[in-house]
Amino acid sequence: MGVGTLSMETLAESAAFMRESLQKSQSITENMVAILGSFDHRLSALETAMRPTQIRTHSMRRAHENIDKTLKAAEVFLGQFDLSRQAEAKILRGPHEDLESYLEAVDQLRSIVRFFSGNKSLQSSIGVLNHANNLLSKAILKLEEEFRQLLTSYSKPVEPDRLFDCLPNCLRPSVGSPGQGDANGKKLSSTNHKLEAAVFTVPTLIPPRILPLLHDLAQQMVHAGHQQQLFTIYR
């Protein structure tokens, strides 16, 4: 009896302890659920409060990106304006002082015209484009005059008698008696098979150092559509 009573009391105590532990666990669980629910509510409230700030931050970031793009575009436009002024200064000086620099300025003007033809968003672009086109037309007229002057100064007519100097010795005419003429004829006939190896000297009509300049000038004029003017000057 004593042992049975002790076992029942032990079981009752264990059951009571387990019941108390379950109640505490349930209480802790309910408290945690309440705390987590409060956190969720606060996070939702914080997210709602932060949304306008996030929108403003996104707008500010977009505005910053747009400002950067605008500044870069403005820098490109300003660079083209500077190049236009530099090219204009070279064009106004004319091609006589430095022809190579003048031709570079003409190419630069063409590049500027292409740039502003494709970028007419700025109001000032149209004015710069018109000015560059007018300046380019004047530059081509100056190139035409320079081409005429170089060709006139360095292209000298060749006397017909000087053309015989371009022939090999065996083909040059000689003055003598009729007998000598026959002999020369026979000699010429006997050397016909050597004509393929004969060297012909081409006369120098224009100094070699002038030819590249004339070539560059002609190329610029052809690019501008002034082929007919070139033909007229050359004739």
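Colleague: Which residues is Gln80 in contact with, once its neighbours within four places in sequence are left aside?

Modeller: With those neighbours left aside, Gln80 is in contact with Ile112, Phe115 and Phe116, where contact means heavy atoms within 4.5 Å. This is a predicted model, in which local features need pLDDT of at least 70 and side-chain atom pairs count only at pLDDT 80 or more, while totals for chains, interfaces and linings use all residues. Residues are numbered from 1 along each chain as its sequence is written, and side-chain values use heavy atoms, with hydrogens and water left out.

Colleague: Why does Gln80 count as buried?

Modeller: Gln80 has a relative accessibility of 13%, and buried means under 20% relative accessible area, with exposed over 50% and partly exposed in between, for a 1.4 Å probe and protein chains only; Gln80 therefore counts as buried. Gln80 sits in helix H1, residues 2-93, a helix being a DSSP run of H or I with at least four residues and a strand a run of E with at least two, both numbered from the N terminus.

Colleague: What makes Phe115 buried?

Modeller: The relative accessible area of Phe115 is 19%, and Phe115 is therefore buried. Phe115 belongs to helix H2, residues 99-117, and, with its neighbours within four places left out, has contacts with Val76, Phe77 and Gln80. Its C-alpha atom is 9.5 Å from that of Ser125, which is 10 residues away in sequence.

Colleague: Where is Gln220 found, and how do you know whether Gln220 is buried or exposed?

Modeller: Gln220 is part of helix H6, and its relative accessibility of 9% is why Gln220 counts as buried. Beyond four places in sequence, the contacts of Gln220 are with Leu103, Val106, Asp107, Arg110, Ile140 and Leu143.

Colleague: What makes the pairing of the Gln220 and Asp107 side chains a polar contact?

Modeller: The two side chains make this contact at 2.9 Å, and a polar contact is a pair of N or O atoms within 3.5 Å in which, within protein, one must be able to donate a hydrogen and the other to accept it, residues adjacent in sequence counting only if both atoms are side-chain atoms. Gln220 and Asp107 are 113 residues apart along the chain, with their C-alpha atoms separated by 8.6 Å.

Colleague: Why is H6 called oblique to H7?

Modeller: Helix H6, residues 211-223, packs against helix H7, residues 227-234, at about 140 degrees, with their axes 8 Å apart. H6 is therefore oblique to H7, since angles under 35 degrees count as roughly parallel, over 145 as roughly antiparallel, 65 to 115 as roughly perpendicular and the rest as oblique. On the H6 side the contact is made by Ala218, Met221 and Val222, and on the H7 side by Gln227, Gln229 and Leu230.

Colleague: How many helices and strands does the chain have, and what share of its residues is buried?

Modeller: The chain has 7 helices and 0 strands, and buried residues make up 20% of its 235 residues. Among contacts with a separation of 6 or more, 72% join residues 24 or more positions apart.

Definitions and conventions: Axes fitted to C-alpha atoms, helices over the stretch in contact; angles between N-to-C directions.
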